[in-house]
Amino acid sequence: MLKIAGLILLLFSLGNLSAQEICDNGMDDDGDGLIDLLDNECSCIIKRDIIPNPSFENNSNCTNNGYNNVSNWEVSSGTFFLYSLCDPFSIEGNPPIIPTVPNGQNYIHFYIFNGNTIFNQSINGGLAANTCLADTLYANHTYSLFIKGNHGFCYNLYNSIPSITTIELFGRPLCTPNVIPTNQWFNNVDYLANIDPNWQFLTSDTFSVAPNNWEQFNLVFTPSVDMTSISITGLTNALSTTQDNGYSLFIDDLELFEILIPDTITVNTSGQFCTNNKLAVGNINLTGGTWQWFKDSVALVGETNDSLDLNIYGPGDYSVIYTLNGECQSQNFEVIEDPVIFTDFSFVGNCLNDTLDFNGEAFLTSNPNNVYTITDFSWDFGNGDLSLSEDTTYVYNGPGNYNVSFVAITDVGCSDTTTQTITIHPSPTIDFSISGNCINQGTLFTDLTTIAGTSSIDSIHWNFGDNTFGVDSIENHIYNNIGTYSVQLFAQSDQGCADSLVQTVFVNPNPVVDFSLADTCVFQVVNLNNNSSITSGTISNYEWDFGDNSTSTLFEPNHAFNQAVNYALQLVAISDSACTDTSTLSLTIHPQPVADFTFTSSCFNASFIDASNIASGGINDYAWNFGDMGTASIQNPNHIYTANGNYTVNLQTTSDFGCVHDTSKSINIFNNFTADFILSNSQICSGDCIQFSDSSTAHTSGTYTWAFSDGQTSNLKNPLMCFQNTDEVPLGIDVQYKVETHSGCVDSITYTNYIQVYPRPTAYFTYTPEDPSISNPYLVFQNQSTNAGSFTWNFGDNETSAVVSPSHVYPEIAKEYSVVLTAYDQSANCHATYQTTISIADEILFFIPNAFSPNSGSINNTFQPQFTSGVDIYNFRMQLFNRWGGIVFETQDPNIGWDGQYQNQFVAQAAYVWKIDFTETMSDKKHIYSGYVTLVR
């Protein structure tokens, strides 16, 4: 009822806009100096002053040591009464436990025991106090009870205090006198329900303030039934089980509110200000309501979503209100400042290739509640390299100016960066070349040291390893002994950056070159004998120069010269230490004869004429090979071949120095050659043709004569001949082929019965009946083919047969079929076909009943003819007449019969005349039929 009255009062206030505070515009609308949530009119809970004596200021008197002197309150359990400040001392006579009171002068005091022995009895439990309410706590309504709480101990009675204290709230549906049983202490298990089953647990809350400090905490509860009495106790399950401990609990200043929306808002914050993603999100298990956000109790106008971007408003005390159907719920939360982090760093060293020490410094200047820590560090050395240590070392691999950054990051992602530009001066890049490392020869040392940027080399110093030194950039040093020497070059820049390089030089002996050779012929390989040597080490490379713009690196290479002149051959030997020696010899290359010849032939005789030559000197020897195992050694020989063929003749010539050359040529001998031929097919059918092709032994040209036993002839080299056979048996053809060359050589060949010409069959057939129909589709075929040995039939309906004269039954439908007969001769090489079309004709097939019984329920209810085939349904008419010649029924649809009615009346039982006329489907012929039908009832 109080809630309804409050709502009526609120609605009444809304009618007076000048006196009504608007809770979401950031203005003092009612002029009371309070804005938005600072004004009680904007609260989401309703104060319910139904708890009597909420600050325990009313008391009956201060007699009896202050026992039971709090008005409207009574003991729910325990052997002790309630205490207030009317009793300034505890029962032990110690000074007051609580020096201050939150509201007024009085409070109530509970003793909480856990295993304490007092008055010769073990006490395990606590006190509880209850009161009757001025009004009802309604079932399923949510309430909030604010209580000021404190706790302490008395040293004579208690040894320790728990770190967490619990206050528990109970309720009863009826306000009846409290029943205190014999065992007046309730313990951690029984609660008040063990004393009085009407008590129902409502809620509890805990707090952990230091002893003797007051704190306000909130008990939120929703009764399941109407309640008119409440009880408060400090009993808690969190108490230690250590013997002889307990504590005193003090409560004061009770305030009861009704929460309009029972569901609680939760606010989750995420992100950080420093990363510009700080966000608050409100959550409630309701839908359809609206949101409004506040900072320091003043509305943030326009912030009506369920989330708030905190980056816009910064740290502070925030509230959010959720309103649904005129009721609301609120939640307060605090947003603290992000940590403020500062960084700095120092470093030692500035030369390239030095190890530089980087020392980072990072600290927090703003760290609310000391909750943030620096967790990560990052170095960027200005060249893409990174490090994740607070202090680190680094070696630059290139000179120049580098922007070095040091970053420190907190555990929530806030960071600070310090950047310094450092200059790395280049160190000299020491390098020098060594040319020559052979004994008694100059070894050239060349300084190749460089330095980057604007720096320069200030000085260099050589140590040659044999107690001699140098300061010039190029030093030519001679070593007099074989051995290993460590050569060091030191260089320093004008910035004081220095470096050095040591290289090893091994002074080696020189090789001794020695080789021999002999004169030879052009295009022939020179015989080289390499006899070079070295006293220590090895000769690793040889460089030959043959004097003809060609070279080799082999030990004893093969080389042929293509010109008959004098050459100067040079050999350079190079040791594995690059020491060299050189020697040169003269070589004479003699010319090679050029073998050549011509020839003539007649029949088997061939004459050969030498045509060889040589640039200088003479040709002493000739060696002939005629390709048929025949040879000769004279300059111009003759040779007789014994067989036709293509022969390779070779002539080898030798000069007076022994240089050799040979050549080969082909000669064709066509005397007494062999005539022959091939043909495309030796077995054909009468009327087919054969391609004849000459395959005689090699010849240039001639005349050709073909003769065949059937009287045909031809003078072509490769004729195409066709042959006929009118007999019933195969015909053999003899072939004779003669070839005569222009040189007079003649040969011929004859084959008897070389070609077989098979007679070609004829295919033909007849069939009966000549006019088959759908009522008689059975046909018998008479095979009248000639010169045939086997047959295949195709009846045109996917059926076949190999019978000589088969029979066949076609489907009983009017259709045309293409019948094909293939006849094969005895060899199955030749065949002929015959094809004709057979038509299965349609027929007129129908039945006309002579009686019917209309409206009898049988299948003979109507009179109509039953047509099976042959009737053109689009040219049909049926009429029925009575005995006087009158038409009682007429139709042009053969599917519609007479049901025995005339003018919608059934006619009398009698005989009726029917007349039918129609056109057949096979032609335009018209048919007329008539008869009698008896109508039976």
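Predicted model: local features only at pLDDT ≥ 70, side-chain atom pairs only at ≥ 80, totals over all residues.
**Exercise 1.** Among the 9 disulfides of the structure, characterise the one between Cys-521 and Cys-659.

*Solution.* 
Step 1. The sulfur atoms of Cys-521 and Cys-659 are 1.8 Å apart.
Step 2. The torsion about their S-S bond is about -90 degrees, so the disulfide is left-handed.
Step 3. Cys-521 is located in strand β34 (residues 520-521) and Cys-659 in the loop between β45 (645-655) and β46 (660-669); the pair therefore ties together parts 138 residues apart in sequence.
Step 4. Cys-521 counts as buried at 3% relative accessibility, and Cys-659 is buried at 0%.

**Exercise 2.** Which handedness has the disulfide of Cys-44 and Cys-328, and which parts of the chain does the pair tie together?

*Solution.* 
Step 1. Cys-44 is joined to Cys-328 with an S to S distance of 2.2 Å.
Step 2. A torsion of about -125 degrees about the S-S bond makes this disulfide left-handed.
Step 3. Cys-44 lies in the loop between α1 (2-14) and β1 (45-47), and Cys-328 in strand β18 (residues 327-335), so parts that are 284 residues apart in sequence are tied together.
Step 4. Cys-44 and Cys-328 are both buried.

**Exercise 3.** Describe the open sheet that contains β47, β49 and β52.

*Solution.* 
Step 1. The 3 strands follow the order β47-β49-β52, with antiparallel pairing.
Step 2. β47 (677-679) and β52 (720-722) are the edge strands, each pairing on one side only.
Step 3. On average, neighbouring strands of this sheet are turned by 30 degrees against each other, direction ignored.
Step 4. β49 (residues 689-694) pairs with β52 over 3 bridges; Leu-720 in β52 is the bridge partner of Gln-691.

**Exercise 4.** Which residues make the nonpolar surface patch of about 260 Å²?

*Solution.* 
Step 1. The patch is made by Val-340, Phe-342 and Phe-363.
Step 2. Phe-342 is placed in strand β19 (residues 340-348).
Step 3. With a relative accessible area of 39%, Phe-342 is partly exposed.

Methods:
Residues numbered from 1 in each chain as written. Heavy atoms only, no water. Patch = residues over 30% accessible without salt bridge, like charges linked within 9 Å, V, L, I, M, F, W, Y side chains within 5 Å. Areas by Shrake-Rupley, 256 points an atom, 1.4 Å probe, with all protein chains shown as cover. Salt bridge = Lys/Arg side-chain N within 4 Å of Asp/Glu carboxyl O. Helix = DSSP H or I, 4+ residues; strand = E, 2+ residues; numbered from the N terminus. Buried < 20%, exposed > 50% of the residue type's maximum accessible area, 1.4 Å probe, protein only. Pairing = 2+ DSSP bridges. Axes fitted to C-alpha atoms, helices over the stretch in contact; angles between N-to-C directions. Disulfide = S-S within 2.5 Å.
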